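The sequence and the structure come next.

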Amino acid sequence: MGRAPGGFADSAQALELLSAEELWALSRTRLSLRRARSLAPGEHLSFRAGASLEFADHRPYQPGDDLRLIDWAVYARHKKLVTKVFSREVEAPVYLLLDCSASMGLGGKFLFARKLAAALLFLAFRSGDRFGIYPFSVSVVGLGRPRRGRPALVRAFQEIAKLSPKGRTDLAQALSSWAERGWEPGLCLVLSDFFAPDFREGLLALRYGRHIVAAVQILAPEDLSPPVLGEVRLVDAEEGRGRPAVVGPAACRAYQENLRRWNQELAKTCEELGISQFLFVSDSSPVAAAFILARRWRP
Amino acid sequence: MSFAAPWAWLWVLALLPVFILHFLRKKERDWPVSALFLWEGVRPDRPRFVERLRARFDLLLLLQVLAVILGALALSRPEREIVRPAGPTLLVLDASASMAAEGMREKVLAKAKDIVGESTGPWAAVLWAEPPALLFPSTSDRELVLSELDRYGPRLTPRPELHQALALLPEPWPRVVVITDNPKGISGAEVVAIPRPENVGITAFSVRPSPDGVRYEAFLRVVNATSAYKDMQIRVISEAGEFWASRLVPPGEEEEVVLVLPGARAGAFVAELRPTDSFPWDNVRYFVLEGGEVATTWLGLEDRYLWAALRAGVSAYRVSENPDLFVAVSTHLSSEPPGPCLLVASGCPGAAILGEAEAGPLSAAPNPLLENLSLSDWRIGRVYRQEVPPGAQVLLWAGEIPILFLWESSGGRKAAFAMDLSRTNLPLLPDFPILIRNLLGWLLPQRPEGNVIVGQSVELPPGFSVVTELGAVQDLWVPEKPGIFRIETPRGPKWLAVNVPWETVGPEAPLAAEVPKPLPAKASLPLWPWATVAFLFVLGAEALVFLWRGG
């Protein structure tokens, strides 16, 4: 196996984010979307017409159009002058919004999220995109502009390595306040367990910012199927409040039904807002999750 | 299992604060969840009993309780007795007369061989009887030991003190095993008690001639040491014939039998008991009138009481010359008799009678000749003042006046009563024949004894010899079996009766509770180190659980 390209593998490994094998595997993949709203040229296909080789549509000829773009075959058949429109390849920044609330600390969710974030940043780096990492709990912590290049990636890794889960989640406030900064439209991935009642407002704020949004939900195995605990005092990881409960099989089933409804609500919201939704379990491979995101994320 | 410090179990009281602290502590476990709101509205399950139990089960409490119990156990220093094969073993085999009962030898050998088989050696064996003997010295050759043990055999003698038997070996042995039928009084040794068989026997047999000299009276005591009534047939054999008596003796009882045996001259008697039992040696008793017959020359007045007392003590008959004994009553001898002489109210040169006097209070010098006498019963009216020869030993005083004294002269031993027997009540008392018999024993020291026990050494005067199966024995003879033996003397043959002493077989074996506890061939294995290790292990596990739970 060869050395991971990019020359920053040591940094990633030293920070225990990604191994050399994982970096090597990720280096063969690109994070590319077919549509973006940026005007800068890049690898992502924009909705706007451009000068790429990919045919997009026809439109009636207008004076001033490049005569080379007239489709003469259509004119021969319909006696109408139409001009071929090609897609425009644009560059889109990648924004990673990482939930650092205390609930992410349960069941290995935060470790999974950190690795997944590192893998996604690496994919963005390999695609030549600008990227930025924005941890949040009640509010977003870092507000630096997205940058491209190796130094930016190393700094991002170092920032990820320093993160630890604490505090409570306020998705609405955090995502709204971030979106209000007026970031350039780009690919926006929200890595969270989405256990916040006001997630709709937050996602809506991102959509208002004309970002292509992916809601990446990360759940722990015990979130999906809690063990039969018997008589315990359930304590909220973020708020610290608790309630006594007798967790038996029936209670577990009731909880799973609540979770299913909650996730249905999240999926419904995402669908309404045109947001891609992904669900990963923290005991799976973060790199595999990054591959899934890279291949299946289509706006 | 035993405990060297059982009071240390008080440490279990430390469980009290452990339980108090446990119940004062929060009982519910905290379980962090990502989203408590998802649990809102979830109806709590009704826990089953097992789940309740599991919910209340606290590993830390269990470990704490276990640690306290193990700590108390370790401090109480538990020990467990384990069987270890014994090492050097000294076998002390009781070879006294009681072991001669039928079947006892085989039992002793079986036990001894078992002990040899269960131990690693070396071994030595001692025969515990009079005299004690070394059966074989210390050896580690098991085969040799087993073959040497077969030489064991009882001796019909009493047994000495145990330490006399142990003294045959130069050094003390760590394990001493005594195999006996009478464990009473044994200490410091492991005892293997062999039960005695039931026994009937003759415990005492004596014959005396009647005062008129025409018959004998035989006195017997028979015992029934069994658990059933016994119809005992007693046969007494003398030179005049056989005489029978019968007694129904209750279990555990002893009865007296008196038989009158006609015949003027007899020396040896045999008493037999029917039916016999497994210990035949006490079913036959032998008796010989002591020393055989004593030729007596009577001087002075007749005294039938004194004659009767003489006849009760020895088989005396009268001769006119060359007697064994002179008896002088109420006379004065012009010269000292050339032999042993008993003077009663009589004087002789060197011991002349000086006159009469009132008797004062009786006092006695400590002397074996006065044993078994009750002087307070004596009533003495008048006594004689008699010259006491130089070197004489005074036995009795009446006030300041010696009334019984002994001395030795060139002619032989002399004894003098300085009183008139007819003016005392002495001839009517049982003390009288006893005293006369004792005096005769002193006056006639070379008179051979008539009755001895097996193992008792018999000193034979010059010219005396005993006829045994192995030939004539002179000087010193130790009889090894009972019976009547012929003694050749210069004055003709005499007889000697040898019996097995009843004391060696008679006393009942003590109850099992009195049997001293055997020194076990076991060893105490201390268990407290294991308990301590377990305690420390549990303590470590408790600390780990505590840390695992986050303190």
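Two strands count as paired if DSSP finds at least two bridges between them. The model is a predicted one. In chain B, A398(B) stands opposite I401(B), a residue of β24(B). The strands concerned are β23 (residues 393–398) and β24 (residues 401–409) of chain B, which pair in the antiparallel sense over five bridges. β23(B) and β24(B) make a hairpin that has two residues between the strands. In this turn, G399(B) has a positive phi of about 75°.

β24(B) also pairs with strand β25 (residues 412–417) of chain B, in the antiparallel sense and over six bridges. Within this pairing, F405(B) has A416(B) in β25(B) as its bridge partner. Again the two strands form a hairpin, and two residues lie between β24(B) and β25(B).

**Sheet in chain B**

An open sheet of chain B is formed by three strands in the order β9-β10-β13, with antiparallel pairing. Each of β9 (199–209) and β13 (254–262) has a single partner strand and stands at an edge, so one side of each is left without a neighbour in the sheet. On average, and with direction ignored, neighbouring strands of this sheet are turned by 20° against each other. Ten bridges connect β9(B) with β10 (residues 215–225) of chain B, and these two strands run antiparallel. S206(B) has F219(B) as its bridge partner in β10(B).

| Strand pair | Sense | Bridges |
|---|---|---|
| β23(B) and β24(B) | antiparallel | five bridges |
| β24(B) and β25(B) | antiparallel | six bridges |
| β9(B) and β10(B) | antiparallel | ten bridges |
| β7(A) and β2(B) | parallel | five bridges |

**Contact between the chains**

The contact takes 29 residues from chain A and 19 residues from chain B. On the side of chain B that touches chain A, the elements giving two or more residues are β2 (29–33) and α2 (49–56) of chain B. β2(B) provides the largest share of that side, five residues. By residue class, the side of chain B that touches chain A divides into eleven nonpolar, one polar and seven charged residues.

β2(B) is also joined to a strand of the other chain: five bridges link it to β7 (residues 230–236) of chain A, and the two run parallel. R233(A) has D30(B) in β2(B) as its bridge partner.

**Helix pair in chain A**

Two packed helices are described by the angle between their axes and the distance between the axes. For α4 (residues 109–127) and α10 (residues 286–296) of chain A, the axes come within 8 Å and cross at roughly 45°. α4(A) and α10(A) are therefore oblique to each other. Their crossing is right-handed.

From α4(A), the residues F112(A), K115(A), L116(A), A119(A), L120(A) and L123(A) take part; they meet P286(A), V287(A), A289(A), A290(A), L293(A) and A294(A) of α10(A). The residues of this contact divide into eleven nonpolar, no polar and one charged.

**Chain B as a whole**

Nine helices and 33 strands make up the secondary structure of chain B. Of its 551 residues, 34% count as buried. Among the contacts in chain B with a separation of 6 or more, 68% are between residues 24 or more positions apart.

Definitions and conventions:
Residues are numbered from 1 along each chain as its sequence is written. Chains are lettered from A and ligands numbered from 1 in the order in which they are written. This is a predicted model: local features need pLDDT of at least 70, side-chain atom pairs count only at pLDDT 80 or more; totals for chains, interfaces and linings use all residues. Two residues are in contact if their C-beta atoms, placed from the backbone, lie within 7 Å. Helices (H or I, at least four residues) and strands (E, at least two) are DSSP runs, numbered from the N terminus. Ala, Val, Leu, Ile, Met, Phe, Trp, Tyr, Cys and Pro count as nonpolar, Asp, Glu, Lys and Arg as charged, and the others, Gly among them, as polar. Axes are lines fitted to C-alpha atoms, for helices over the stretch in contact, and angles run from 0 to 180 degrees between N-to-C directions. Angles under 35 degrees count as roughly parallel, over 145 as roughly antiparallel, 65 to 115 as roughly perpendicular and the rest as oblique. A crossing is left-handed if the near helix is turned anticlockwise from the far one by less than a right angle, and right-handed if clockwise. A residue is buried if 20 or more other C-beta atoms lie within 10 Å of its own, exposed if 12 or fewer, and partly exposed in between; C-beta atoms are placed from the backbone.
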